[in-house]
Structures are given as structure tokens and as C-alpha cells.
Amino acid sequence: MTAYDKDTSRPWLIIPMEIVERELLGKLLVCAEATKRDWGCIIGTKKAILQNAECLPKGTMLLKSIIISELPYMRNYREMGFDLICLDEEGLIQNSLEHMVEMRSQPETMAELERFMLWGNIQYNTFKRKMPDFANKYRVVGNPRIDTWSKALHGLYAEEVKNIKDKFGNYIILPTSFAMYNHFMGLDGAIEIYKVDNMMNEDDYQFQLGYRDYVKEIYEGFLELMPKVCQAFPDHNIVIRPHPSENRKPWDELAERFDNMYVEYEGGVSAWLLGSDVVLHCGSTTAVEGHIMGKPVISYCPCSKEDQEKFDLEVPAKASILLYDQDQVLDMIGQILKEGEQFTHEKIAQGHEELKEWIYGLDDENSVVHVMDVIEQVGAKKCETFSFGPKENRPKVTKKEVVWRFLDILCQSDFILRLMPKRIKHGIKSRRYGRHKIRDLREHDIQHYITQISELKGQEAPEIRYLQDNLFQLSPREKGAESA
């Protein structure tokens, strides 16, 4: 493995990631399929790829979103010679399909794409109705993350699950999803991000204010429920898994009161779900993940019927047993723990059938093939041999970045931060939020997971090369070369 690389001419797939814990396994599954087809892959954090784009082979770039704030980067990539394809990682979970289309895309960003890949038929029909001019770009493929949750790939998590079970024994997990109210950047943190990124008109803003109040009610309901769960099931540990965008401090303060409650944020959520006995949530993507993994999932949403109809997230609800009363939740948990693997509920089978319209190929475990088929149709052009040169030839830290780093250090005191102009205050909070939310991409993780994926799929593992921090190359292994 070396920081300097020359490779043969082949098609190249460039994969930027934002939240490594959420996206890594699915994207490595794409890499494994791509290298199987003799493609090369560059995978890295969004920032690393943006900073080094000029040095990378001009192939096909797989974007994770096309919100309006992405437009300048998309245009730069196009000017450099990249083909752009998007599979929106956050496109499945929504409380209004029409609102999702408006928030997650714009005609300007859609125009820069070669293809826009969708999770399922319901999403496809909505985009086709709301943005018919781009219908020729839409492709329904599912999502490789769905494949990683299937039983065929549970072996990916075996070591992590064992480590978790050794430490926590039997446990109930709550993956939180309350960042609209309990945000890392404060009460209006999420709404401020939407406003700064120009993602909202006045109607959207009013909707988000109402949604924030709805989330507040549910968040407070869980703060009241979880102590009762601890007390009702003393032989089980309770694991709170805060969303990456949330402020974990209230959960830490709650956990200090109970010997069997823990707040854990390490590693990807998949292993934590797979090792659990019960999944509790309201409006979390992890409901779908837990359901596909075969876990009993309970949705507890203490809110008015009017708010439920307006704001409830339909897809997680379909993956869950829906309950609105604390006693019902405690009774259902007790029933699940008593019956164990024999537990059944009519809502589970019903919800699974309904999810098939939202998630294409839900039971096929083959989304990665559909994704790669679309990519191959667009970007099969071969790139000439490229060299990722020495570090001194790569982009330097900009003066703007130096200024922001200085301001960040200067504003370590909350008192000084409060004195700053609104723009600087938001910028510093955003940078801290980014560091909290986005962790580094580690070579060990890539090596570990790509080896397991290849073994489980019965194919040769690609060669991995370190290019620089948070940036790696995966290539088909030369014939006769030994696997790592």
C-alpha cells in the first residue's frame, strides 16, 4: 500500500461519503461489485474528494445528495469531466413526499445529473409527478444498504455483535431521531441549516416549525418512558444510541440515574440493532433496518392524532408495531422478551408487504447489482492511467480555512462565541457539528469489511491502496496476486 499509485486504464467510480458509519458498508458493497466488473474505485470522505478532485481519474461520481447547496460542487465536478449520478441516502424517510422532493432536490441540481437513482416505486412516482422534465433520468434500484441488512450478510457484524454482547449482555435499544428539537447546534440548529442552505420557502419554514414542536413532544415522551423501561426490565440493559445530529448531553444525564442504562455512540448502528432483543424508536430509519434484520421493532409516538397524521414518518411506521401509550409499550416489550424468537405480530408481516412499494427488491438482496448496472450504462468510458502525486502537489489549506480555524480556537469560550456576529457564530457551530457528525475513514475498517464482503460473496477481494488520509483506492487484483 502506497501514497503514490499508477494503475491501468479502466472505468472509475468515485464515491464521496458524508456520514461514514451510515454509508461505509453499502458503499463498500458497491466497490466490491464494481471491481468484480473490472472498475476501479476511489472512496473517501466528501471533503477529501472535494479537495483532491483534480487529481482523481475523471470517471463517474456517485453522489449521496443533490440539495441546492451542492450545486456549486456539482458544476465544478462536471467542468472537470466527471459524470454525476445520485442515490440520495436520505431519500427514503420523509413525512411528506412532495416536501421531500422540494427539500432533497431542485431542477438546477437535477439538470447536472446523468441519472437519479430511487429507493422504490412510490418515490419514483412522486418525482415523476413533481419533476416530469427529468423522468428520463430516474431509475428505481433500491439501495445497497438494504443488502447489508439482509441475513446473507449478517456475518459482517459477527465480531462486533459478540463484543457488544460480551459487554452488555441482553439489551433493549433506543436509536434516537429527535435532532429537529434536540440538535447538536441548539434548539433551532436543524432549521438554521435548512435556512443557510436555502432549502426552504416560507411554507417549508412553517412546516418545519410545526415538525419541531411535534418532535419535542415525542422526545419528552421518551425521556419519561425510558426510566420506566429500566425499572420494568432490570435483567436487561437499556442502550440509548443518539442520532449523529443530536445533543447527547440530556441522554447522558438520564443514564447517570440508572445502573442498567447506557449511552453508546461507537461504531455503526447495524451491529447494535442485530445484537438487541427489542428496538424502540419513533420516526427512525433504524426501524426499517431492524425490521429487515428480523428484530421486533416498536414505534412509540406520544402525540395527538392530528399531529400524527401531519408529521408521522410513514416508512418507519410500516416497519413497526405502533403504540401510543407507555403501558402498552411496557406490555409489548414484556411479551417479546417472554416469547423470544417465537414472537409474532400481524403488523410485522403486513408492514413488510407494504414496504415493498417503498423499497425496490426488498427481498432480493440484490440492490447493488441494480445500482452498478445503472452506473455501468452511464460511465463505461475508460480513463487513462492516472497518478496520485506526492502530497506537496495537492491542494494546500486555503486562507479562508486558516481564518475559520483561528476563529474556532478564539471562540472556545461560550461567552466569546455569543458576542460574535450571527454569520460567524453559525459557521463555528457548523464546523463543530461537522467534526462531531463526520468521523475519519480508516484503512483498517475498509480492509476488514471489504475482506468479509468478498468472502461472503465468494469473490476475490480488491486491492486497497492508501492515497492520503480519508481517501483510498480499490482496484481489481491482478491475476496471480495474493489476497490481503
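How do the residues of the lining of the largest cavity divide into nonpolar, polar and charged? Seven are nonpolar, one is polar and three are charged, where Ala, Val, Leu, Ile, Met, Phe, Trp, Tyr, Cys and Pro count as nonpolar, Asp, Glu, Lys and Arg as charged, and the others, Gly among them, as polar.

Before you select anything, note that this is a predicted model, in which local features need pLDDT of at least 70 and side-chain atom pairs count only at pLDDT 80 or more, while totals for chains, interfaces and linings use all residues. Residues are numbered from 1 along each chain as its sequence is written, and side-chain values use heavy atoms, with hydrogens and water left out.

**The largest cavity**

Select Pro16, Lys46, Leu50, Met61, Leu63, Lys64, Ser65, Glu70, Tyr73, Met74 and Tyr77, which line the largest cavity. The elements giving two or more residues to this lining are α2 (46-52), β3 (60-63) and α3 (71-80), and α3 provides the largest share, three residues. Helices (H or I, at least four residues) and strands (E, at least two) are DSSP runs, numbered from the N terminus. The space inside is about 140 Å³, a volume being the space filled by probe spheres set on grid points that are joined across faces, edges and corners. On a 1 Å grid over the protein atoms alone, a cavity is a set of points where a 1.4 Å probe fits but cannot get out, a pocket is an open set with protein on both sides within 12 Å along at least five of seven lines, and lining residues have an atom within 4 Å of a point.

Now centre the view on His291, Met293, Gly294, Lys295 and Pro296, which of the 21 lining residues lie nearest the centre of the second largest pocket. Its volume is about 620 Å³, and its lining has nine nonpolar, six polar and six charged residues.

**The core**

Finally, select Leu13, Ile43, Phe222, Met226 and Val229, the residues with the most contacts inside the largest nonpolar core, which has 136 residues. Such a core is a set of buried Ala, Val, Leu, Ile, Met, Phe, Trp, Tyr and Cys residues joined through side-chain atoms within 4.5 Å, buried meaning under 20% relative accessible area (1.4 Å probe, protein chains only). Helix α10 returns here, giving the largest share, eleven residues.

Note on methods
Buried means under 20% relative accessible area, exposed over 50%, partly exposed in between (1.4 Å probe, protein chains only).
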